[in-house]
Amino acid sequence: MKKILSYIESHHDRYLLEVKELLAIPSVSSQSERKPEMRRTAEWLKNHMKNIGLQNVQILETEGHPVVYADWLSAVGKPTILIYGHYDVQPEDPVDLWTTPPFEATIRGENLYARGASDDKGQIFIHLKAIEAFLKNGGTLPVNIKFIFEGEEEIGSDNLPKFVSEHKDLLKADVIVISDSGMFAKGVPSVTYALRGLAYMEVEVTGPNSDLHSGSFGGSVHNPIQVLTKMIASLHDKNGRITVKGMYDDVRTLTKAERAAFKKLPWNDKTYAKSLGLKQLYGEKGFTTLERLWARPTLECNGIWGGYTGEGAKTVLPSKAFAKISMRLVPDQSSAKIAKLFEKHMKAIAPKTISVKVRYLNGGEPAITPVDSPGVKAAVAALEKGFGKKPLYQREGGSIPIVVDFKRLLGIDSVLLGFGLPDENAHAPNEFINLDNFFGGIKTAAHYYNELPQFWKSGKKKNA
Ligand code: BES
Ligand code: MN
Ligand code: MN
């Protein structure tokens, strides 16, 4: 391991130049004009993976953006790790708010700024560099490795479950490792064992069959914007609970032990509120902030539009109003069921003066992964070696839809080994990755590959 770690140390500068190249390609999966850039990113990864010594490198087609696959399978008798990540990123807008251009990765202080730096191109690169360190120093790995990088995570991974079910043999592995989440805080490495799910909806309220003069018609017609905003406002009660009928039916109750474990984490509401520029936090009554973030469902309006928003005044009574509303889900809620309940609820509360359409855009299931598996034990050992500190266990509020599909289709649990930080502006202007965590992540990944076989053996013995 010494040689591996000093190789990593001595190649910092080149690693940075390379990751900047990867971050320079605007791989925004949601924008069709960026389709060629998606392909370019897949090609870049393919070439890079070939160059570091991975084998069987290929771009595999889906109905959407392609998947990049590679492996190295010469560690006979050793466990196989399937490493998943996504090379697509969120749109860069509002681009004016970036200090330096989103696709010109720039180091400022101890951070590297670019769209995708933390979510997730920077984190997939961490694994590639750890692999390189082994393959360029003796040419072997202590484990078998398979990579699957997809290009549609940020748009819901719609085509990936089908791909996985059609490539079960190719993807066969003992453990899945995903670096697409975060650490609890700077200097506090963590293993994540749960993610929330998602049900993303669009609502369209239609009033009159055309925009109307608000003087000639105001007073006789119910304004769709006013109807929609009132409906949205009614989706939470005075205790911050969601009013959608049936919302909490399948919510798994937090155990006493888990609540106690959350309380032990180094968390401070005041500091958190201050970091967000808030005087006070908000949320469901009866739960702590971490409980609300990690283990309770939430409902957010993500966008709302209608009527006139241009310069100056326009006296219009709009025909339509729209909103995007998403719900974060927790075990044992199902996105399809919640989407149905939401539609039913919106129709039930809609007044007769308008009509309402509800569409389900995308979603994913909540995930909870075992913490006592050999894969997680190896992660704990690797994080301690990589960051010099014992990691803590945490959940996350975000979603990675494929985690539950991997379990369902391949029968494999995922280990969530994240190197991001909660304040790295993922999905926002000025996204960055902290460079200590980037390089600490590379070392941790290297330790992980090295540690896993031992834990695998002892885990097997115990279970046998
Ligand atoms: N990497 C995130 C998920 C994440 C966020 C994990 C925060 C842990 C902490 C992922 O790229 C993401 O943004 N997922 C989407 C899923 C959606 C598009 C289906 C999300 O959570 O909004
Ligand atoms: Mn991500
Ligand atoms: Mn994301």
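## A walk through the predicted model

Ala42 is buried, because its relative accessible area is 0%, and buried means under 20% relative accessible area, exposed over 50% and partly exposed in between (1.4 Å probe, protein chains only). This is a predicted model, in which local features need pLDDT of at least 70, side-chain atom pairs count only at pLDDT 80 or more, and totals for chains, interfaces and linings use all residues. Residues are numbered from 1 along each chain as its sequence is written, chains are lettered from A and ligands numbered from 1 in the order in which they are written, and side-chain values use heavy atoms, with hydrogens and water left out.

Ala42 belongs to helix H3 (residues 35–51). Helices (H or I, at least four residues) and strands (E, at least two) are DSSP runs, numbered from the N terminus. Leaving aside neighbours within four places in sequence, Ala42 is in contact with Ile59, Pro66, Val68 and Tyr87, where contact means heavy atoms within 4.5 Å. The C-alpha atoms of Ala42 and His65 are separated by 9.0 Å, and the two residues are 23 apart along the chain.

The axes of helix H1 (residues 2–10) and helix H2 (residues 12–23) cross at roughly 65° and come within 5 Å. Axes are lines fitted to C-alpha atoms, for helices over the stretch in contact, and angles run from 0 to 180 degrees between N-to-C directions. H1 contributes Tyr7, Ile8, Glu9 and Ser10 to the contact, and H2 contributes His12, Arg14 and Tyr15. By class, the contact has three nonpolar, two polar and two charged residues; Ala, Val, Leu, Ile, Met, Phe, Trp, Tyr, Cys and Pro count as nonpolar, Asp, Glu, Lys and Arg as charged, and the others, Gly among them, as polar.

H2 also lies across strands E4 and E5, running at about 30° to E5. These strands are part of an open sheet of three strands in the order E4-E5-E18, with antiparallel pairing. Strand E4 (106–108) and E18 are the edges, each with a single partner strand, so one side of each has no neighbour in the sheet. Neighbouring strands are turned by 25° against each other on average, direction ignored. Two strands pair if DSSP finds at least two bridges between them. E5 and E18 are joined in the antiparallel sense by three bridges, and Leu112 stands opposite Ile433 in E18.

A second open sheet has four strands, ordered E11-E13-E9-E14 and paired antiparallel. Its edge strands are E11 (298–306) and E14 (355–364), and each pairs on one side only. The twist from one strand to the next averages 20°. Strand E9 (residues 197–206) and strand E13 (residues 320–329) run antiparallel and are joined by 10 bridges. Thr206 stands opposite Lys320 in E13. Helix H7 (residues 224–233) lies across E9, E11, E13 and E14, at about 15° to E13. Helix H11 (residues 335–349) packs on the sheet too, touching E9, E11, E13 and E14, and its direction makes about 165° with that of E14.

The model also holds manganese ions. Which residues coordinate the manganese ion (ligand 2)? His86 (NE2), Asp119 (OD), Asp180 (OD) and Asp180 (OD) do so, at 1.9 to 2.6 Å. Donors are N, O and S atoms within 2.8 Å of the metal (3.2 Å for Na, K and Ca), and water is not among the atoms, so sites may look incomplete. The donor residues are spaced H-x32-D-x60-D in sequence. Both His86 and Asp180 are buried.

The manganese ion (ligand 3) has Asp119 (OD), Glu154 (OE), Glu154 (OE) and His427 (NE2) as its protein donors, lying 2.1 to 2.5 Å from it. Why is the arrangement around the manganese ion (ligand 3) irregular? Its six donor atoms subtend angles of 55 to 157°, which makes the arrangement irregular. Four donors count as tetrahedral if all angles lie between 85 and 135 degrees; four count as square planar and six as octahedral if opposite donors are over 155 degrees apart and all others between 65 and 115; anything else is irregular. Asp119 bridges the manganese ion (ligand 3) and the manganese ion (ligand 2), which lie 3.5 Å apart. Asp119 is buried, with a relative accessible area of 12%, whereas His427, at 43%, is partly exposed.
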